[in-house]
Amino acid sequence: MPIKLIPLFTILAVIAGCTSTPPDTSGCRIPSNGKNVILIIIDTLRSDHLSCFGYQRNTSPTIDSLADSGTLWLNAQSQAPWTLPSHASIWTGLSVKSHGTTHIGGVEGFDLQLDPQLPSLPATLQNSGFQTSGFINFVLLSEEFGFNHGFDWYDCDGSGERTVTATVDAFLYWLDYQAETENFFCVIHLFDVHAPYNPMVPYDTAFCSEGVDGVSRWDLSENGKILNIEDCQHLIDMYDGEILYVDNELSRLFSGIRQREIADSTLIIITSDHGEEFLEHGGVGHGHALYQEQIHVPLILSGPGINRGSISNIPAALYDIMPTILSYLGVEVPENVEGLDLLSHAPAQLRQIPSGGVSPDRFFLAMMSLSDFQSCAVTEGSKKVIAYMGTDRFIQFNLDEDPEENIPLAADSTMIEKALFYWATPRRGNPSPIGELTDEINSTLRDLGYIR
Ligand SMILES: [Zn+2]
């Protein structure tokens with residue numbers, strides 16, 4: 001289906017709004033009789049840096065309020081520690097080994113494009129009559145990588161430099177030009193929290209006095225050695241400032257939804273594609289390991305029919321988002337989806353949740369002694385095994401007693417079997433290598449540490 005074009009005057013108005021007059025966000029919209037869904041993905045947001053997940057800093061008053069009005073999943077896990085495979089799991093409801101959209105072949109390898117033939121969340125809802133839109137802020141989720149399939153409107157700024165302010169503006173303008181009777185599904189992907197950490201004034205001094213006068217990224221030598229370990233706390237301060245900035249703009253987004261009188265018919269979901277390491281296991285950034293700081297993500301649902309002020313211990317995963325949304329909307333879930341409907345009354349308490357897609361050689365930011373190896377992880381209850389494929393190295397953790405994963409245990413045979421079983425998952429998708437990328441895209445990926 002062709003991309004639907006927003007009228008030119010709308011686009012001009014958005015541009016004008018970014019530079020001079022603030023956008024008018026008070027437009028009224030006749031309430032829909034049905035349901036809408038807004039899926040907000042805050043890239044690189046580890047759950048333990050949100051106040052509602054117990055962080056000692058007040059980084060997230062708006063998100064905390066959303067959690068108070070809905071349900072928060074304490075134990076949500078991403079299916080990969082980096083953007084491309086993780087979003088493919090959100091889009092398809094499949095594990096990484098199943099959809100196969102990842103990077104293969106080490107340093108000289110290449111990324112694979114999301115298979116357009118795989119049933120996806122946006123395409124399923126589009127086929128069910130929903131208006132579908134995406135406001136996306138990174139090239140790995142662009143048309144080149146196949147993530148636009150199933151969207152009527154796909155607004156992707158591949159540079160990663162569009163702010164949450166501009167993204168919220170673009171979404172609210174889109175919202176005002178929707179047909180009043182149509183239900184919609186919208187993905188809002190925000191990239192501000194991703195490195196470099198350089199929050200704008202006044203958020204740069206929210207958690208430290210020196211603000212942007214300090215460094216905003218890790219200083220790495222050519223062989224990946226971290227040259228400024230002493231800056232770790234400052235970088236955490238800046239990371240937290242970015243979270244506060246995003247949180248404040250989400251308040252404006254939610255106000256816009258209330259002003260348009262669609263709050264009573266709109267489900268809002270907040271999550272992230274992966275976390276971020278700040279030297280917990282000797283590395284920085286993400287994409288190179290499967291420890292909790294990189295794969296434990298927030299998951300909050302709020303809207304009509306969602307339990308208010310509820311906290312769930314049910315193990316949740318990003319590939320649950322697709323079946324949960326479809327079931328919530330009364331849309332049939334495609335066959336073979338691996339995730340569960342988290343709102344059903346009988347989700348498994350003890351379920352195995354796999355994560356994979358690690359291709360450490362690719363990442364400049366990867367500081368792992370075992371960076372030559374692919375790895376995967378399986379979590380079941382408090383047990384988590386990390387398997388380094390191609391070796392006989394398996395380490396296990398008890399997440400109840402050792403949530404920071406400092407005490408590696410000998411893996412028990414059952415957990416090893418589960419990891420190997422996951423690794424042998426047959427691929428359902430048929431992802432193809434991406435074509436030649438433009439110099440601009442390659443430059444963006446290199447600047448952000450995705451390629452050397
Ligand atoms: Zn990401």
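What we are looking at is a predicted model, in which local features need pLDDT of at least 70 and side-chain atom pairs count only at pLDDT 80 or more, while totals for chains, interfaces and linings use all residues. Residues are numbered from 1 along each chain as its sequence is written, and side-chain values use heavy atoms, with hydrogens and water left out.

Helices here are DSSP runs of H or I with at least four residues, strands are runs of E with at least two, and both are numbered from the N terminus. Take helix α3, residues 83–92, where 10 of the 10 residues are buried, so the helix is largely enclosed by the rest of the structure. Among those buried residues are His87, Ile90 and Trp91, and just after α3 comes Gly93, with a positive phi of about 75°.

Now to a pair of helices. The axes of α2 (residues 61–68) and α7 come within 7 Å of each other and cross at roughly 55°, where axes are lines fitted to C-alpha atoms, for helices over the stretch in contact, and angles run from 0 to 180 degrees between N-to-C directions. That makes α2 oblique to α7, because angles under 35 degrees count as roughly parallel, over 145 as roughly antiparallel, 65 to 115 as roughly perpendicular, and the rest as oblique. On the α2 side the contact, meaning heavy atoms within 4.5 Å, is made by Pro61, Thr62, Ile63 and Leu66, and on the α7 side by Leu244, Asp247, Leu250, Ser251 and Phe254.

Which side chain of opposite charge is nearest to Asp247? It is Arg258, 11 Å away, and Asp247 is buried yet has no salt bridge; for charge, Lys and Arg count as positive and Asp and Glu as negative, with His and the chain ends not counted.

A salt bridge, for us, is a side-chain nitrogen of Lys or Arg within 4 Å of a carboxyl oxygen of Asp or Glu, and the structure holds 12 of them. In one, the side chains of Arg260 and Asp176 meet at 2.7 Å, N to O. Arg260 lies in the loop between α7 and β9 (266–271) and Asp176 in helix α6 (residues 164–176), so this pair ties together parts that are 84 residues apart in sequence. Arg260 counts as buried, at 0% relative accessibility, whereas Asp176 is partly exposed, at 29%.

Notes. Buried means under 20% relative accessible area, exposed over 50%, partly exposed in between (1.4 Å probe, protein chains only).
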